[in-house]
Structure formats: C-alpha cells, structure tokens
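Dear colleague,

I am passing on the structure below, together with some notes on how its parts are arranged. Please read the notes with the coordinates open beside you.

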Amino acid sequence: MEGSNLRRFGMAARILDGTRIAADIRTELVARVEACTLAARRPPTLGILLVGDDAASEVYVNTKSKAGDALGLKVDVVRLPKTATLDKAKEVVCRFNRSQDHDGILVQAPLPSALGTAAESTLFEAIDPTKDVDGFHPTNFGRLAQGRSVFAPCTPSGILELLDRSCINLKGQRAVVIGRSQIVGKPVALMLLHRHATVTVCHSKTRDLSALAREADVLIAALGRPAFVTSEFVKPGATVIDVGVNRLVDEAIVKSLLPPSSPRLQTFARRGSLLVGDVHPAVRETAGALTPVPGGVGPLTVAMLMVNTVRASEMHLGKAV
Ligand code: NAP
C-alpha cells in the first residue's frame, strides 16, 4: 500500500503501534513454543549474561525475562559484579555454549568500562553462532551482509517487521539511516538494501544532514540524541522510525519539547523523568507515519529476541527454519 507513504495534508502522522505489532508477533509464536517444548522436553531457553549494575541494563534484562516468562520460554540470567574480569565473563559465555539446556545466548550491553573497549566484541565473538540470538557474532553479521542471515539483530529486524506489517513500501524508496552503530544503523541499512530501498547512511561527520534526511521516503533515526530530528529533517509524508530512547529529567527541556496541553507533561510530573526518542514530537505534523517513543521500536526489539530464541530452539531440534 504505497499510499501509506503519501502526505495526507492537514493531518497528523499515522502512528505505527509497535506495542500492538509486538503482541501479534508473540501470539504467532505460541504454537512454535509449545512444539519446541514438547519435542525438547523443556522450554526454549535463553541465557543472559549481565555484568555490573547499569540501571538501564537491569530494566532491559527484566523486560526480556518477563516477555520470555509470558510466552513460556525460560530465561536464565547470570549476573556478575562490575568488578568481574573479562575471563570470568567469557567463562559464563563458554558455559552457555556447552550447555545442552540453552538455545540462545545474549550478553547485555553496555559492559562496565573497566572491562576495556574490546570487551563487547570479545564476548560477542565468544558466543556460538548457532546460539547468537542477538546476531552480533561476525559470522551472523557476515551472513546478514550477504543477504542470507540466520540470526539478524533484534532492533533492525523489529524495524523491518514494523514497516512490513504497517504496509510501508520499501522497494525503490529512498531510505536514510541516521546512525551507523553495529546494533542498529549498519544492520538496518543492510536490511533495507536487501529490500530494494536506495539507502544512505549518515553519522556524526555527515555534512548537510538535514538536507540528506529530507530526501528520505523512509527515515530511520538511531543516533541517541533527544528530539534531534526536527521537522526540518523530514519530507512531508515520509515514514519516520524513531529508534532513540533517551531519558529526560530536566523539566525545562521537557517543557520546551511538548505543547502545554500534552498529557506527557503529567507523566513527567508524576515520574520525574520522561522517555523521548531522537525525533522531535512536532514531526508528527510533517511525517506521514511515525513510531512513538515509548511504544514503537522498543517492544519489537523484545519480540524479535523471542522469535530468534524460538528459531534457535528449532534449529537445535533439527527443524528447518
Ligand atoms: P550509538 O552506538 O551511540 O551510535 C549512535 C550513532 O549515531 C553513531 O553512528 C553516531 O555517529 C551517530 N550520531 C551521533 N550523534 C550524531 C549527530 N549529531 N549527527 C549525526 N549522527 C550522529 O547508538 P545506538 O546503540 O545505535 O543507539 C541509538 C539510539 O537507539 C539510542 O538512543 C539507543 O538508546 C536507542 N536504541 C533503542 C533500541 C530499542 O529497542 N528501541 C535498541 C537499541 C538502541 P558516529 O558513528 O560518527 O559516532
């Protein structure tokens, strides 16, 4: 339905409801979870390594555990203190690799800085690629680049599901990705390319960023800068995917972003903080379709982790996937 990308003059953007789409994906997984559980005589199982006490990581790991529980998966979280060595962390990954009882493995990032700058890539690379449900192992990233992925990273996969299930056309469309990280920007750019979009990847050194972004039919904002992408970056009618998750605590900044009538101001008053994306709320008046924060890409990331864990279980049971 190409018309979804067209500007509907005088109307606010269609809101792409990630929470609903994620619920659909989880519902579709139920029968596969039951079949795996029956065949393996245990539920599909995800091992998570959490090192240190980063508050946001705690929240993410709890969200993943709850989502797994609700679906009948087992989520086995191993915690190490922030003083743990890289060898100790690697030992946990190797234990998950050898285990007959774990189908998927995830190392929660970011890792404590004391582990060194290479810690993340060292641990991602230590994961058995057949259990690498985050898709960050070089083997899986290479397969993704070649267009024959087994496990693709969860946030980019979630973005593609969200676009597909919202009937947003990609073929021949101009896509601009702001951000080139390993976990979002690069893999989502590859996926859009495989789907026949014409893709431009931007980053902190890109010149004329807003002008480039304004050429996009589909704009992906994954830079981690609150409300950075204003209407000036958005072609009227474009589809805008807001990947950013930024917690604001400064009342003046929150008030500068939202109209006085916004119910989100009450949320801020109640909680003392507010989650906002990389896209300015006013973009709603320019975009044709837009993901909200929260409730857009975030729920899809968790749903795709569940999908990948079930896929890993099916692979280990010898099923074709
Ligand atoms: P990251 O590793 O920090 O990468 C940010 C990217 O944005 C980098 O490529 C950086 O460019 C680019 N960038 C930063 N400032 C820029 C600017 N002013 N202009 C143009 N480009 C700029 O971040 P990430 O891990 O990809 O995450 C991005 C955002 O998505 C964060 O808010 C994160 O919390 C959120 N996120 C959400 C989910 C979810 O499930 N919803 C999942 C993952 C991440 P350089 O490469 O030149 O430094």
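In this model, which is a predicted one, Leu-86, Ala-89, Lys-90, Val-93 and Asn-97 of helix H3 meet Ala-119, Thr-122, Leu-123 and Ala-126 of helix H4. Sorted by class, the residues of this contact comprise 6 nonpolar, 2 polar and 1 charged. The axes of H3 (residues 86-98) and H4 (residues 119-126) come within 9 Å and cross at roughly 20 degrees, which makes H3 roughly parallel to H4, and the crossing of the two helices is right-handed.

On the H6 side the contact includes Cys-154, Gly-158 and Leu-162, and on the H11 side it includes Val-297, Met-304 and Asn-308; by class, the contact of H6 with H11 holds 7 nonpolar, 5 polar and 1 charged residues.

Helix H11 also takes part in a salt bridge. The structure holds 13 salt bridges, and one of them joins Arg-32 to Glu-314, with the closest N and O atoms 2.8 Å apart. This pair links distant parts of the chain, since Arg-32 lies in helix H1 (residues 18-40) and Glu-314 in H11, 282 residues apart.

Turning to the sheets, 6 strands form an open sheet with parallel pairing, in the order E1-E11-E8-E7-E5-E6. Strand E1 (14-15) and strand E6 (198-202) are the edge strands, each of them pairing on one side only. Within this sheet, strand E7 (residues 218-221) and strand E8 (residues 239-242) pair in the parallel sense over 4 bridges, and Ile-220 stands opposite Ile-241 in E8. Helix H7 (residues 185-194) packs on the sheet, where it touches strand E5 (174-178), E6 and E7, and its direction makes about 170 degrees with that of E5.

There is also an open sheet of 3 strands, whose order is E3-E2-E4 and whose pairing is likewise parallel. Strand E3 (74-80) and strand E4 (104-107) stand at its edges with a single partner strand each, so one side of each is left without a neighbour in the sheet. From one strand to the next the twist averages 20 degrees. Strand E2 (residues 45-51) pairs with E3 in the parallel sense over 7 bridges, and Thr-45 stands opposite Lys-74 in E3. Helix H2 (residues 55-71) lies across E2, E3 and E4, running at about 160 degrees to E3.

Finally, some points of backbone geometry may be worth a look. Most residues other than glycine have a negative phi, and most peptide bonds are trans. The peptide bond from Ala-109 to Pro-110 is cis, with omega near 0 degrees, and Pro-110 is found in the loop between E4 and H4. Another cis peptide bond joins Val-293 and Pro-294, with omega about 0 degrees, and Pro-294 lies in the loop between strand E11 (289-290) and H11. Arg-41, a residue other than glycine, has a positive phi, near 55 degrees, and its place is in the loop between H1 and E2.

Notes: Residues are numbered from 1 along each chain as its sequence is written. This is a predicted model: local features need pLDDT of at least 70, side-chain atom pairs count only at pLDDT 80 or more; totals for chains, interfaces and linings use all residues. Side-chain values use heavy atoms; hydrogens and water are left out. Axes are lines fitted to C-alpha atoms, for helices over the stretch in contact, and angles run from 0 to 180 degrees between N-to-C directions. Angles under 35 degrees count as roughly parallel, over 145 as roughly antiparallel, 65 to 115 as roughly perpendicular and the rest as oblique. A crossing is left-handed if the near helix is turned anticlockwise from the far one by less than a right angle, and right-handed if clockwise. Contact means heavy atoms within 4.5 Å. Ala, Val, Leu, Ile, Met, Phe, Trp, Tyr, Cys and Pro count as nonpolar, Asp, Glu, Lys and Arg as charged, and the others, Gly among them, as polar. Two strands pair if DSSP finds at least two bridges between them. A salt bridge is a side-chain nitrogen of Lys or Arg within 4 Å of a carboxyl oxygen of Asp or Glu.
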